[in-house]
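Reader: I would like a close look at one part of this model, with the cut-offs stated as you go.
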Amino acid sequence: MNIEIKNDQQIELEDTGLRKTSQYLMPAKLDGSFTKRGEYDVYPFCSLGDGKIFSGYESLASWIARQKTVIIDGYVGVFFNKIKDELDQLLGKEGFLINWVKTEDFLKDPQELQQLVAPYLGEYESVWGTKCTLTLADLFNARELANQSPNGSAAINIIIGPGAALANWDAAIIYIDLPKNELQFRMRSGAITNLGTPEIAEPFQMYKRFYFVDWVLLNDHKKAILNRVTVVADGQWPSTINWMFKTDLADGLNQLTRSTIRVRPWFEPGAWGGQWIKNHVKNINADVVNYAWSFELIVPENGIVFESDGNLLEVSFDTLMFHNNRQVLGKHADIFGDEFPIRFDFLDTFNGGNLSIQCHPTLQYIRENFGENITQDETYYILDCDERANVYLGFQENIDATEFRAALEESQANGKEIAIEEYVQSHTAQKHDLFLIPNGTVHSAGAGNLVLEISATPYIFTFKMYDWLRLDLEGNPRPINIDHAFNNLNFERKGSRVSEELISKQQVIEQADGWQIVHLPTHADHFYDVHRVEFDGQLTIATNNCCHVLMLVEGTAIAIETAGGAIKEYAYAETVVIPAAAGSYKITNLGNGRAKVIKAFLK
């Protein structure tokens, strides 16, 4: 179907023909089908019991009519005009005179806004900016917005749009959230713009503005008003809306901190992507050429789904952290605050290509240049691989930095291939290997791997030096960042030091009849560590007031029971968070052979 995108009232985004870079839109209501034991679940959810989540504009309009005055706040990318029209039509049928106030009318002039945020966006060609230190109120003509008050002659008064709560009306707040993958789909399809920007920009410019400005300001705003919110709604469906009372959401969040958490994963194709995910995961779009990434637990862009009466509602993971960071992180909450520090994601190069030759910034560099609190220290855990799989890691003993840079620059300027193994070591990859990639380390995942990245949360700060002369999926050159890379590369990680220091030396640290715990030591620069729990039957593990992140990396399925939560089953390759407040948990092997579970935790 060809869709002419004019405004958000005319968009039919359910059409899967547009969804070439994402999985299908999450259903608003369960259809009665469930995944089988051992089958990867694309739409995991936490059930809240009956009567907690309501579906449709009719029920929301009915509730608003009883309130008389409401604030409808929410995230960038929500179709607020569509929501306004739906509610206006329903409330109008009942004969109500409605006074609508739209926050977009009180944003500063687009040119003034651009000047305001420009210092946080870097050079136009740059992939990165720096985290914005403004507030959401800075984007508005604050005095004019504050002067807006309910109209006494209207039966119902509604102020709507991002930042609506800044008007400080004495009224109930409805907060409408939007999952990041749906936001990015709307961005790519031309359905939305950045906050206060009337024109659609190139997707990479829009994403940069979202990441470094809009999301920062809106997340801070959400955190500031969360305790005042009365209703939380999910705005990811163009034709309907699901909503619930914040008190019930809070109960659900509290329940999760005593149980297990699995975020809703999502998937993206890429220039080097492979076929493992397409061949092993059901209910995702099979029409894409490949899948390169699975966002298993990249919490700035993942959400948590709740269910009641078959209705589904998703909130961003940061909602949990704003509400329950101490229960989630335990003894590490004072260090990381409401920033969840561990990331799990898949890199799929099965029947695909090599990742770029790359490195990540040092802690000082990422703080000074990009405004992040922690840096992108990574590891590659080999979940699966073919017989030819390799990982590029560390420099050759005879590396000459000047010569290496000259080769990279000539390649970029003249399209010349590089014999990369003259400079960078290649290591054979085998299942269950762990390669250590502290910041500043040259590395790449070769073709033929399914890599589980066990990493610190930052995920976009990759300095590519050589990308095998290929184009992206749209036929454009991918950004090369030689200057940034050479500001961070550690040329001492070379020769025999690489295999000694950057390939984890696994060792059994505990064992008894039917089980053992294998330590996969990480680098001194990593603030997290890794164990692999291998067992035949059951095993109980204490959290010791520390958050654990788990994945079944060998076996069919496991059941996890916590002291404060129900027993939940998880399949091979699914990511599970055990909050510190769970205290302890019992894992049961549901398969026939020995189960192997990766456990990542903070040092």
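Which residues line the largest cavity?

Author: This is a predicted model, in which local features need pLDDT of at least 70 and side-chain atom pairs count only at pLDDT 80 or more, while totals for chains, interfaces and linings use all residues. Residues are numbered from 1 along each chain as its sequence is written, and side-chain values use heavy atoms, with hydrogens and water left out.

The largest cavity is lined by D177, L178, P179, K180, P300, E301, N302, G303, E314, V315 and S316. A cavity here is a set of points on a 1 Å grid over the protein atoms alone where a 1.4 Å probe fits but cannot get out, and a lining residue has an atom within 4 Å of a point. About 70 Å³ of space lies in this largest cavity, and the structure holds 4 cavities of 30 Å³ or more. Volume is the space filled by probe spheres set on the points, which are joined across faces, edges and corners.

Strand β12 gives the largest share of that lining, 3 residues. Strands (E, at least two residues) and helices (H or I, at least four) are DSSP runs, numbered from the N terminus. β12 belongs to an open sheet of 3 strands, in the order β1-β11-β12 and with mixed pairing. β1 (46–47) and β12 (311–316) are at the edges with a single partner strand each, so one side of each has no neighbour in the sheet. Two strands count as paired if DSSP finds at least two bridges between them.

β11 (residues 303–308) and β12 run antiparallel and are joined by 6 bridges. Within this pairing, S308 stands opposite N311 of β12. Helix α9 (residues 317–329) lies across β11 and β12, at about 70 degrees to β12. That angle is taken between N-to-C directions on a scale from 0 to 180 degrees, with axes fitted to C-alpha atoms, for helices over the stretch in contact; contact means heavy atoms within 4.5 Å.

Elsewhere in the model, L355 sits in the loop between β13 (342–348) and β14 (357–359). L355 counts as buried because its relative accessibility is 5%, where buried means under 20% relative accessible area with a 1.4 Å probe and protein chains only. Apart from neighbours within four places in sequence, L355 is in contact with W272, L347, T349, Y380, S444, A445, W468 and R470. S444 is 89 residues away from L355 in sequence, yet the C-alpha to C-alpha distance is 5.4 Å.

Notes: Buried < 20%, exposed > 50% of the residue type's maximum accessible area, 1.4 Å probe, protein only. 1 Å grid on protein atoms, 1.4 Å probe; cavity = no way out; pocket = protein on both sides within 12 Å on 5 of 7 lines; lining within 4 Å.
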